[in-house]
Amino acid sequence: MDIIGYTEFLVKSIVKNPDMVKVQLFESDDEDPIVEIIVHSDDMGTVIGKGGKMATSLRTLIQAYAFVNNMSKVKVNIDSF
């Protein structure tokens, strides 16, 4: 499983509209890779969580996955549509 599949698994398991989850990886030469998580606007509160605790946990798990798989540090952006 790659980092995209892992991130999709994590996010889809906590949202009400798992079919609306989209995860993309953007590579750049000068910065760390960016994992972009896009969810339905109804699920934004769930993904962010109270006080941002869920978003922080997701970022920690995704960065830990990257570390274990010898990837460089990744940035995680969460957005809705």
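Predicted model: local features only at pLDDT ≥ 70, side-chain atom pairs only at ≥ 80, totals over all residues.
I take contact to mean heavy atoms within 4.5 Å.

**Entry 1: helix α3**

I began with α3, which is made up of residues 53-68. I looked up which of its residues are buried, and found A55, L58, I62, Y65 and A66. These cover an arc of only 100° around the axis, so they sit on the same side of α3. As a general point, an α-helix has 3.6 residues a turn, so residues three or four places apart point the same way.

What do the buried residues of α3 pack against? I found α1, β2, α2 and β3. On the face turned away from the buried side I noted the exposed residues K53, F67 and V68.

I also checked the length. The 16 residues of α3 reach 22 Å from first C-alpha to last, close to the 22 Å expected at 1.5 Å a residue. After the helix comes N70, and I noted its positive phi, near 55°.

**Entry 2: the sheet**

Next I traced the strands. There are three, forming an open sheet in the order β1-β2-β3 with mixed pairing. β1 (22-26) and β3 (75-80) are the edge strands; each has a single partner strand, so one side of each lacks a neighbour in the sheet. I recorded an average twist of 20° from one strand to the next.

I then took the pairs in turn. Five bridges link β1 to β2 (residues 34-39), and the sense is antiparallel. In this pair I found L25 opposite V35 and V23 opposite I37. β2 and β3 run parallel and are joined by six bridges. Here I looked up I38, whose bridge partner in β3 is D79.

How many of the residues of β2 are buried? I found five of its six, so I wrote the strand down as mostly covered.

**Entry 3: helices across the sheet**

Helix α1 (residues 3-12) lies across β1 and β2, and its direction is at about 150° to β1. Helix α3 lies across β2 and β3, at about 140° to β3.

**Entry 4: the core**

I turned to the largest nonpolar core, which has 21 residues. Which members touch the most others? They are I3, V11, I37 and I62. The elements that give two or more residues to this core are α1, β2, α2 (44-48), α3 and β3. In soluble globular proteins, nonpolar side chains tend to be buried together.

**Entry 5: two prolines in loops**

Last, I compared P18 and P33. P18 lies in the loop between α1 and β1, and P33 in the loop between β1 and β2. Is each one buried or partly exposed? P18 has 30% relative accessibility and so counts as partly exposed. P33 has a relative accessible area of 7%, and since buried means under 20%, it counts as buried.

For P33 I again left aside neighbours within four places in sequence, and listed contacts with L25, F26, E27, S72, K73, V74 and K75. P33 and M71 are 38 residues apart in sequence, yet 9.3 Å apart in space, C-alpha to C-alpha. For P18 I noted D43, which is 25 residues away in sequence and 9.3 Å away in space, C-alpha to C-alpha.

Notes
Residues numbered from 1 in each chain as written. Heavy atoms only, no water. Pairing = 2+ DSSP bridges. Helix = DSSP H or I, 4+ residues; strand = E, 2+ residues; numbered from the N terminus. Axes fitted to C-alpha atoms, helices over the stretch in contact; angles between N-to-C directions. Core = buried A, V, L, I, M, F, W, Y, C linked by side-chain atoms within 4.5 Å. Buried < 20%, exposed > 50% of the residue type's maximum accessible area, 1.4 Å probe, protein only. Expected span 1.5 Å × (residues − 1). Arc of directions from axis to C-beta.
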